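I opened this model to see how its parts sit against each other. My notes follow the display.

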Amino acid sequence: MPLKPQKTKLDPRVEPYGDNAVLVAYDVLGYSEKASNAIHQLSDTLRDMNLWTNVVPAYDSLMVTFNPMMIELSSALNTVKTSLNNLSKAKKDKPIKPIDIPVFYGGEDGPDMENICKSSKLTETQIIKRHSSRLYRVCLMGFIPGFAFLSETDKKLHHPRHATPRLKVAPGSIGIANWQTGIYGLESPGGWQIIGRTPLSIFDSKRQEPFALKAGDQVRFIPQGKV
């Protein structure tokens, strides 16, 4: 069964993750907008401290790593807990300017569009409108360089992954997996339902900044061609 987004109280666990990391985790299934907002607000706060070797946000958790020769585990735990407690008192961040992602939907660029049409009982035009009408957060980066896991897509578009993944998915492909939508940064095997593709280079190891997107960014899809 696909995981469904849930409402949740913002009461995360904060615990050691080995001797040089702290994990903040919300016990939710699927996507929680409140938890995601808190995670990325906490991520921004912790990055500004210059205490950590890595700050890694995800859908329902955040991990920070540190040099145990520079900071003790107990101190790291207290710093993270204090930062969490202060989130509600913090001023709201300025709105983030969205990054526009041009997308060619359907056809050769979106070979699984028909699957979504059948399961949603919507036309291709309706699917494009629903998929491109909301603002998405980049919740985390993985499983290959440049792959952007985005926040929940329209509920009518939820669709399971392929039972058997493709051996090759083109770079820039836009996919749906259960409630998620995401962007492939490189050619890769993958089981997501591909509904479109962007001509933008999402990841290029030769660029000074290889990644076009990072966790915390907001993106919106701009349909190209005839819609």
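**Domain interface**

I started with the spacing: the centres of domain 1 and domain 2, taken over C-alpha atoms, are 28 Å apart. Domain 1 spans 13-89 and domain 2 spans 99-224; the bounds come from an automatic or database domain assignment.

I noted the ground rules. This is a predicted model, where local features need pLDDT of at least 70, side-chain atom pairs count only at pLDDT 80 or more, and totals for chains, interfaces and linings use all residues. Residues are numbered from 1 along each chain as its sequence is written, and side-chain values use heavy atoms, with hydrogens and water left out.

I looked up contacts (heavy atoms within 4.5 Å). I found 8 residues of domain 1 touching 12 residues of domain 2.

Next I took the buried area (accessible area, 1.4 Å probe, that two parts lose on being put together, summed over both). Between the two domains it is about 820 Å², with 62% from carbon and sulfur atoms. Y31, H40 and Y59 supply 69% of what domain 1 buries against domain 2, more than any other three residues.

On the domain 1 side, I counted 4 nonpolar residues, 4 polar and no charged. Here Ala, Val, Leu, Ile, Met, Phe, Trp, Tyr, Cys and Pro count as nonpolar, Asp, Glu, Lys and Arg as charged, and the others, Gly among them, as polar.

Last, I checked pLDDT, the predictor's confidence in each residue, from 0 to 100. The chain mean is 90, and 91% of residues reach 70 or more. Over residues 1-8 it is below 50.
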